Amino acid sequence: MLCISVEEFLFWKKRQLSKGGNQQSFAVLLDCIGGISASDLNLIILNPKGNVYLKKSLEFLESVWDDHLLNACPVQYLCGITFWRDLKLKVTNKVLIPRPETELIVDIVFNIFKNKSEKLFFAELGTGSGAISIALALAYPLSQGLATDIDQDALEIATKNYINSSKQSNLKFSCGNWWSPLERFQGKLDLAISNPPYIPRDTYEKLPKEVKNFEPKVALLGGEDGLKHIREIIQKAPLFLKEKGWLILENHHDQGEKVKQLLIKNKFTSIEILNDFSGIGRFTIGRYK
Ligand SMILES: C[S@@+](CC[C@H](N)C(=O)[O-])C[C@H]1O[C@@H](n2cnc3c(N)ncnc32)[C@H](O)[C@@H]1O
């Protein structure tokens, strides 16, 4: 541990932020590499005459911050870690950095399945870092989950994240295109969740370079209109869900109504478009008959 005065630390912090970047990314850097969490930071500010204990030198932290500012590489990839809900997850450029709004998918599930002792059988299609499935497997310890992805490298990261986050063994991982790893489980799912790639091609081309140059295209691009994968997932969902089983999808900010129509066309009921933190219809849910 390196010890420096709060005064020196705060002066250094202000100088780094004056170069560019945002508070959120800087907080990730301090937490992941410096060993200073958001709550530590609040205490530091309250005690200006005290000391700060860092895991790495200010010079090292500054070099990572400069790299982030110069190349627009997300801090999470530079640190190899992100925080999501109460999980600390390994991330590489093989997986999407799980977004804060996606945390709400877990709350939507909590709202539907209130009893945490329920023996759910759930699947997540396109698990990436494993964030959603791991959170659900931990919250419903008697459930069984299957997390799938088309990318074997992503699944390896998701598996490591599960092992690091849990001593349980109620989540399995399987590689393949959308429903194909679930062939053996037709008609068996209480719940299927997916945050699939849903960015339309023209929007994808205009994404900020910290997203487009670093995050996997396979995790973002949803075909010409963004709905290519959502369509496929909805069309096949009735084969895999139990009667009254739920499908929960994340979609692009302007796709809620279209996803709702797809669910209606495929005989789903109890359909709702649910908002994210900004009041945007980000999630569309329904049950099969
Ligand atoms: C938007 S990311 C979501 C990752 C993670 N669930 C999250 O919310 O952060 C979409 C994921 O779907 C996976 N994917 C893309 N095409 C797929 C396909 N045809 N079949 C299965 N998974 C696919 C990607 O590899 C990526 O991990």
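Predicted model: local features only at pLDDT ≥ 70, side-chain atom pairs only at ≥ 80, totals over all residues.
Student: Ok, how many helices and strands are in the protein chain?
Tutor: The protein chain has 12 helices and 11 strands. Those are DSSP runs numbered from the N terminus, with helices (H or I) of at least four residues and strands (E) of at least two.

Student: And what radius of gyration does the protein chain have?
Tutor: The value is 21 Å, which agrees with the radius near 19 Å that a compact globule of 289 residues would have. The radius is taken over C-alpha atoms, and the globule rule is 2.2 Å times the number of residues to the power 0.38. Along the principal axes, the C-alpha atoms fill a box of roughly 65 × 45 × 35 Å.

Student: Which domains does the assignment give?
Tutor: Domain 1 covers 2–79 and domain 2 covers 93–288. Those bounds come from an automatic or database domain assignment. The C-alpha centres of the two domains lie 33 Å apart.

Student: How many residues does each domain put into the contact?
Tutor: Five residues come from domain 1 and six residues from domain 2. A contact here needs two C-beta atoms, placed from the backbone, to lie within 7 Å.

Student: What classes are on the side of domain 1 that touches domain 2?
Tutor: That side of domain 1 has four nonpolar, one polar and no charged residues. Ala, Val, Leu, Ile, Met, Phe, Trp, Tyr, Cys and Pro count as nonpolar, Asp, Glu, Lys and Arg as charged, and the others, Gly among them, as polar.

Student: Switching topic: what percentage of the residues is buried?
Tutor: Buried residues make up 38% of the 289 in the protein chain. A residue is buried if 20 or more other C-beta atoms lie within 10 Å of its own, exposed if 12 or fewer, and partly exposed in between, with C-beta atoms placed from the backbone.

Student: How many residues are in the largest nonpolar core?
Tutor: There are 60, and those with the most contacts inside the core are Ala192, Leu247 and Ile248. Helix H7 (residues 131–139) gives the most to this core, with seven residues. By a nonpolar core I mean a set of buried Ala, Val, Leu, Ile, Met, Phe, Trp, Tyr and Cys residues joined through C-beta atoms within 7 Å.

Student: So what does isoleucine 248 touch?
Tutor: Not counting residues up to four places away in sequence, isoleucine 248 touches Ile105, Ile108, Val109, Ile193, Phe283 and Ile285. Apart from that core lies another, of 10 residues, among them Val28, Leu30, Ile33 and Trp65.

Student: Now the ligand. How many residues surround it?
Tutor: The ligand is surrounded by 22 residues, and the closest are Pro98, Gly126, Gly128, Ile150 and Asn195. Near means that a residue's C-beta atom, placed from the backbone, lies within 6 Å of the molecule or strand in question. H7 and strand S6 (144–149) each supply at least two residues of this shell. By class, the shell has 12 nonpolar, eight polar and two charged residues.

Student: Is leucine 171 buried or exposed?
Tutor: Leucine 171 counts as buried because it has 24 C-beta neighbours inside 10 Å. This leucine sits in strand S7 (residues 171–175). Leaving aside neighbours within four places in sequence, leucine 171 is in contact with Ser133, Ile134, Ala137, Gly145, Ala147 and Tyr162.

Student: Where is glutamate 101, then?
Tutor: Glutamate 101 lies in the loop between strand S4 (87–90) and helix H6 (103–112). It counts as partly exposed, because it has 17 C-beta neighbours inside 10 Å. Beyond four places in sequence, glutamate 101 is in contact with Asp276, Phe277 and Arg282.

Student: Last one: what's the phi of alanine 72?
Tutor: Alanine 72 has a positive phi of about 65°, although it is not a glycine. You'll find alanine 72 in the loop between helix H4 (58–71) and helix H5 (75–79). Lysine 289, also not a glycine, has a positive phi near 55°. That lysine lies in the segment after strand S11 (281–288), and it is exposed because 12 other C-beta atoms lie within 10 Å.

Definitions and conventions. Residues numbered from 1 in each chain as written.
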